[in-house]
Amino acid sequence: MNRRDALSRVALLLGGSVIGAEFFLSGCGTGDKKIGQSVDFTADDIAYLDEVAETIIPATDTPGAKAAKVGTFMTVMVKDCYDEKNQKVFLEGMNKLNEASKKKFGGSGFMKITPEQRKELLTEIDKEQKEYGKNKKKEDDVHYFTQMKQLTLLGYFTSEPGATQALRYVPVPGKFEACIPYKKGDKAWAL
Amino acid sequence: MGDSLNVHLNTKATVQNTYDAIVVGSGISGGWAAKELCEKGLKTLVLERGRNVEHIKDYAGTEKDIWQLIHHNKVTEEDRKNSPIQSKCYAFDEVSKKFFVNDLENPYNEVKKFWWIRGYHVGGRSLMWGRQSYRWSELDFEANAKDGHGVDWPIRYKDLAPWYSYVEKFAGINGNRDGLPQLPDGEFLPAMEMNCLEKHVAASLKQNYTDRVMIMGRSANHTKQVGDRGPCQYRNKCHQGCPFGGYFSSNSATLPAARATGNLTLRPNSIVLDVLYDKDKKRATGVRILDAETMKTEEYYAKIVFLNASTLGTAHILLHSVSDAFPNGFGNTSEQVGHNLMDHHYGVGAHGDYEGFADTYYYGRRPNGIYIPRFRNINEKTKRSDYVRGFGYQGGASRGRVNNGDGIGVELKASLTEPGNWTMGIGAWGEHLPYYENKATLNKDKKDKWGLPTLDIDCEFKENEKIMRKDMMDSAKEMLEKAGLKNVSTYDSDPPPGFCIHEMGTARMGRDPKTSVLNGNNQMHDVKNVFITDGACMASSACQNPSLTYMALTARAADFAVNELKKGNL
């Protein structure tokens, strides 16, 4: 018995169709890997988070978040710097985001959709997290996409390509000049 | 004196362990004691409870770029678990955390909430300190006598002024000569400069107020080379240890000077258990230590002893040094040891945005800010009816990057790569009155891993501080709004005592041996060859950052001690 048959039988036993079974099946059937299972993140987790980060901070005339290895950075930070409660929010969030993709794009998980679709999806989720943040009580969990966005921005702008190419970075300034001219378009200091 | 002392001392060992002077602690005041005593020709033993930290060599990590640090300089959950108190400190980061104690291994008991920030290593907190360096004024030394809180300082500004000059010249303090009676000028290196918005707010204060000014902060960063130190490279990573020697620390400045005399012996991993006392001669004979590595005790002897183990560290040693002569603690016939514990109260202020100066920016990371010296209760005109003493503000302006950008993608990225609006914040540091009931005592039931009693710390801010805080907040908002800042919001993070890391007062100076521990030369009333010149000696807290005053008091006391020694009085 293959997996599809098994699920069909389960559906029969339950006397109807399994809600969400199509998405689940299409995921499995096309080799979708499990993500966000634990803070011992896998290569698939990192690849997935790289794409989320790249959608938030894409490559332009300067490198994007993926080139800055922000996916890896996120996994390190979640594992070492998040408490258990926030880790849980993040791990569940990885799956929620993927489910949202499947729901919106006919069963296609985040890794399967196009960059344009990713941007469309994350723009919606970004609005959702912003609204959530406005109404959130102090004891409520933080929104998972707030975490992902914050980690992406932090990781990117403190990465070598982010700090030295997207921003300006001088490791040893050697002097302080209090008031210098600034013209629109000049990059901000990294630190 | 230790009652479990079972070491058989022969004459040879005694001679080997005998010095002219012993200094307990190697932080900001211990370093100065070592330098002064060594330079005056005394064979000096410096005992440091923590490990050795060698200048530059042991600052590894500070040379790294932020992306080379695994957590991009952020605090981990493990750090928070091991050091729940230390990790709250603004200066605790992925590189500097090695300079903060493990709280689990170094317990103390918070009878009331008290966040005790510590660094147990050679150099102590002089490595991670904030470097703000301000003289006290006559106003501060007269305060207790005038309003009756605490005991009268046995010295006045004129007693300390030459010693401020003396230590400033060596330490290397930058600043402007601002001509303010409540914040005397010193021997300064060139000042740093205010940025455009800071200059604007300073001008606004001058225009809107007759009682206050905003000046450039004075800090122990070397704007010019001082000996072989510096100049400052404007990285703003001072608290990680500076490989350029760009700021004053024991490691960069006083300990090398002491070592250069050939008179210094530095013994790390030496936890001082008690001060040894000869009750016939009424003199200390030395100290007993526990070697933190071998767990063996050992005695060291000297003609004079300087205690510079930090306000609470020194109190611990005194309270732990009990004998028939001093059943309540060494030199504690006044019963003031451990009492009158103070800190500054801070973490309150305001910040706002400024629309303008969009065509200006700055270069370099200035490790210093602006200062608004005290303007309350400095004369009849500025007298408040609701509280005594006062506060000063530190702060600064900058152009942040936008960090809460809306949306995602190319537009977000573009918005985040340019500097945002100018913002400015000022936060107040307020005076904490000396209250006898704010105290540290020994808890013999709760011992640390060395088997030593821990400290119960029972300290709070009271009514005068709480009323002052309201003014600290409101005045901050008013000044920024008058300067044209927008969206001015106030904050009060209400940190508990300890967290300003300006703890003082546990062995105060005073004129009367019945109500104070030390005389006007930082000499114990009860034991003439013991001197205490760390924060423990302070009879009031003023509102200025205190380290410069500890330096001046130490150099002055060392001079007095050596003169007394030469005269045969000790």
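This is a predicted model: local features need pLDDT of at least 70, side-chain atom pairs count only at pLDDT 80 or more; totals for chains, interfaces and linings use all residues.
Over residues 437–553 of chain B, the chain is 23% helix and 21% strand, with the end C-alpha atoms 26 Å apart.

Reader: What makes E1(A) and strand E13 (residues 360–363) of chain B a pair?

Author: Pairing requires at least two bridges between two strands. E1(A) and E13(B) are joined over three bridges, in the antiparallel sense, and therefore they meet the requirement of at least two. Within E13(B), B:Tyr361 is the bridge partner of A:Ile180.

Reader: Which element gives the most to the side of chain A that touches chain B?

Author: The contact draws 39 residues from chain A and 38 residues from chain B. On the side of chain A, E1(A) gives the most, with five residues. By class, that side has 23 nonpolar, seven polar and nine charged residues.

Reader: Why are the buried residues of helix H4 (residues 138–147) of chain B said to lie on the same side?

Author: The residues concerned are B:Asp140, B:Phe141 and B:Ala143. They cover an arc of only 135° around the axis, and so they fall on the same side of H4(B). These buried residues pack against helix H5 (157–171) of chain B.

Reader: Which residue follows H4(B)?

Author: B:Gly148 follows H4(B), and its phi is positive, near 85°.

Note on methods. Residues are numbered from 1 along each chain as its sequence is written. Chains are lettered from A and ligands numbered from 1 in the order in which they are written. Two residues are in contact if their C-beta atoms, placed from the backbone, lie within 7 Å. Helices (H or I, at least four residues) and strands (E, at least two) are DSSP runs, numbered from the N terminus. Ala, Val, Leu, Ile, Met, Phe, Trp, Tyr, Cys and Pro count as nonpolar, Asp, Glu, Lys and Arg as charged, and the others, Gly among them, as polar. A residue is buried if 20 or more other C-beta atoms lie within 10 Å of its own, exposed if 12 or fewer, and partly exposed in between; C-beta atoms are placed from the backbone. The arc is that of the directions from the helix axis to the C-beta atoms.
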